[in-house]
Amino acid sequence: MAPKSDTAEGIVLNFVNEQNRPLNSQVVSDFLQKFNLKKSAVQKALDSLADGGKITFKEYGKQKIYLARQDQFQIPNTEELNQMKEENGKLQEMLEEQKKANSQLEGEIKSLQSNLTLDEIYSNDAKLRKQVEEMEERLSKLREGVTLVSPEERKVVEKNFSDAVSHWRKRKRMFKDVWDAINENSSKNPNEFKEELGVEYDEDIGVSLQAYATLIMPHGTKRPRG
């Protein structure tokens, strides 16, 4: 008599028959953890099923390998196998066709999702019109000669810029003095030492103090050395 399906033996028997491959108690225990079966209970069930002839087993040293009884399975003959292969081939073709159809549908869905809805089009149109109006208003003021930046604001910006360039020049000079003093007392090649310390000159990052300094010099004034 077959054990009840909700008992430990029933659960183990169903699993062994479904797998229909060689199994040891550890593998069975790992797979049946979801049923809250401990390894000892699984081992007991396997041994009981084997003793009762419901499953088979072979011993390899100290380990037992369990297998479903093969006489319970209907083995197809050659004609049935050929028919199954033919049906499997047809199913594979149907599967490939379905995959292609799914791929086409996904492409159409992505295409539709990338298109804007009518509400989105109206919203974008309103934003663009507002931007155009603001730009036209600004352009109109410029054409009329309206001063958009007051002299006071201009002076503040120019002073801040001039101060920044002055600080830049002072720090560059201070660095040069320190760097020259270090290299005078060092046996290392200056360029190799520079790379070793990760030092970067203004020119290494594409900037020039001289170029910025000329922006604040009045016409005809002698340029300072950078």
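Predicted model: local features only at pLDDT ≥ 70, side-chain atom pairs only at ≥ 80, totals over all residues.
Helix 6 runs over residues 151–184 and has 34 residues, reaching 49 Å from its first C-alpha to its last, which is close to the 50 Å expected at 1.5 Å a residue.

The model holds seven aromatic pairs. In one of them, the ring centres of Phe175 and Tyr201 are 6.4 Å apart with the planes at 70°, and because planes over 60 degrees apart count as edge-to-face, the pair is described that way. Phe175 belongs to helix 6 whereas Tyr201 lies in the loop between helix 7 and helix 8, so the pair ties together parts that are 26 residues apart in sequence. Phe175 is partly exposed, at 35% relative accessibility, and Tyr201 is partly exposed as well, with a relative accessible area of 31%.

Trp179 and Phe193, in turn, form a stacked pair, at 5.6 Å centre to centre and with 10° between the planes. Since Trp179 lies in helix 6 and Phe193 in helix 7, this pair ties together parts that are 14 residues apart in sequence. Phe193 counts as buried, at 13% relative accessibility. Phe175, Trp179, Phe193 and Tyr201 form one aromatic cluster, and the charged end of Lys194 sits over the ring of Tyr201, 4.8 Å from its centre.

Definitions and conventions
Residues numbered from 1 in each chain as written. Heavy atoms only, no water. Helix = DSSP H or I, 4+ residues; strand = E, 2+ residues; numbered from the N terminus. Expected span 1.5 Å × (residues − 1). Phe/Tyr/Trp six-rings, centres within 6.5 Å; stacked < 30°, edge-to-face > 60°. Buried < 20%, exposed > 50% of the residue type's maximum accessible area, 1.4 Å probe, protein only. Lys NZ or Arg CZ within 6 Å of the ring centre and 35° of its normal.
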